[in-house]
Amino acid sequence: MSRVSENLAVLGLQWGDEGKGKLVDLLAPKYRHVVRFQGGNNAGHTVVVDGQTIALHQVPSGALHPECFLVVGSGVVLNLDVFQVELSRLRERGVNVTDRLLISDKAHIILPHHIALDVWREERATKVGSKIGTTGRGIGPAYEMKAARMGVRMGDLRHPGVLAERIRPGYDEVRLRLGEGAEMPSVEATVENLLKAVEPLLHCIGNAQSRLLQACAKGEPILFEGAQATMLDIDHGTYPYVTSSNCSLGGLFTGTGLPPKALHRILGVAKAYTTRVGSGPMVSELLNPLGDRIREAGHEYGTTTGRPRRCGWFDAPITAHACRTNGVDGLAVMKLDVLDGLDEVGLVVAYRDGRGALTSELPSCAAEWADLKPEIKLFKGWSTPTRGITDHRQLPAEAQAFLDALAEVVETPLAFLSTGPDRTEGCVYPGTFLESLLG
Ligand code: IMP
């Protein structure tokens, strides 16, 4: 398959689970490198191999394309045990990636005491009604320890003699907080387990920044795969109900060490409705049978934790904010078919604040979100199913009217429309940059 010459980022525009994996899977054969740059095993995407579904959390989605070289950047936090399980599941199905995988030696490791702290903190917060609803995978504490300069990086695993010394300061702090009774493997046991888990991967650890800079110099195309999404971004999302990394565009540069000019195009991904897992504001949420219907039709249960996702209408203010934050060139709208058969389809075009005034501005404080109500524009539903449509000209007029309004209100052109889970179910909009890639 012919390659492209431009580097592309695929980024989520809502609260995650938009279907980025499907796009990365479709686009990967055109790229030499597929790169993860932030997040950890809080992310989850399913890939289908020989009719069997595998959930991947940390291995980049290009895994199934043997010609793709996979890079895990410095901005990622890795759970090595989970990574091993993913690799062995892939191997069982004949997919071996360790000869085409590079893990940044600067990527941080999620340690057992990070997970213990995450779970402990959420349990305490639940009692006072302030839990974030994290995935419980130790993501926040791993990033916290990184910022506190008590993290352990993949490169440290090349120096077994100093590992215990690197782990102990963070471990001791967590012990102090959780108390002596807390169940956590000792530093020695942690070291032993890490060394065992990393053994088959030692040859995959190296200078990912340098590899990617060389790829840029040689004109080898790179596909950057975002995890989570802008509304979960630690700076630009619904703080404090966010994850602990920069899931929006800035994280790509810090999480790889590449300069901004290394990136040429940005594809933003949003579902035709909105979902969110965990706590926090969600103005468009439908706490009624309609929300339940969307959840069932869209199979909206978490890939990582199995939790039911909160469902609501497409929220234009958050998606427009995400398009602006990331400088999105084209919009991929996913799962339109989930809305098939509804009498009416809603679009949250703006919010009404506590005084009844219309606004499209996103508040910066959780307390200010609480006052907002959705301003919903209702569109006539469509009775002809959109499932499986591959040419946008065949869409029912009502569905196209809804999509046109959606694109207008987020001020970003439609580039792709997904009409079903299968890789063949979707339309590429002509005249967009995706046409040369997927058309
Ligand atoms: P953490 O990333 O586990 O710390 O969780 C923080 C918040 O981000 C919680 O609301 C999670 O449900 C949410 N979150 C983290 N990863 C994902 C994801 O991949 N999809 C959707 N929500 C996520």
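Biologist: Which residues line the largest cavity?

Modeller: This is a predicted model, in which local features need pLDDT of at least 70, side-chain atom pairs count only at pLDDT 80 or more, and totals for chains, interfaces and linings use all residues. Residues are numbered from 1 along each chain as its sequence is written, and side-chain values use heavy atoms, without hydrogens and water. A cavity is a set of points, on a 1 Å grid over the protein atoms alone, where a 1.4 Å probe fits but cannot get out, and its lining residues have an atom within 4 Å of a point. The lining of the largest cavity consists of S74, S104, D105, K106, N207, A208, Q209 and T256.

Biologist: What is the volume of the largest cavity?

Modeller: A volume is the space filled by probe spheres set on the points, which are joined across faces, edges and corners. The structure has one cavity of 30 Å³ or more. The volume of the largest cavity is about 40 Å³.

Biologist: How much of the ligand does the protein bury?

Modeller: A polar contact is a pair of N or O atoms within 3.5 Å. A ligand oxygen atom is 3.0 Å from a side-chain N or O atom of R307, and a ligand oxygen atom also lies 3.1 Å from a backbone N or O atom of V277. Taken alone, the ligand exposes 470 Å² (Shrake-Rupley method, 1.4 Å probe). Of that area, the protein buries 96%.

Biologist: How many disulfides does the structure hold?

Modeller: A disulfide is a covalent bond between the sulfur atoms of two cysteines; here the cut-off is a pair of cysteine sulfur atoms within 2.5 Å. The number of disulfides in the structure is zero.

Note on methods: Polar contact = N/O pair within 3.5 Å; in protein donor to acceptor, adjacent residues only side chain to side chain. 1 Å grid on protein atoms, 1.4 Å probe; cavity = no way out; pocket = protein on both sides within 12 Å on 5 of 7 lines; lining within 4 Å.
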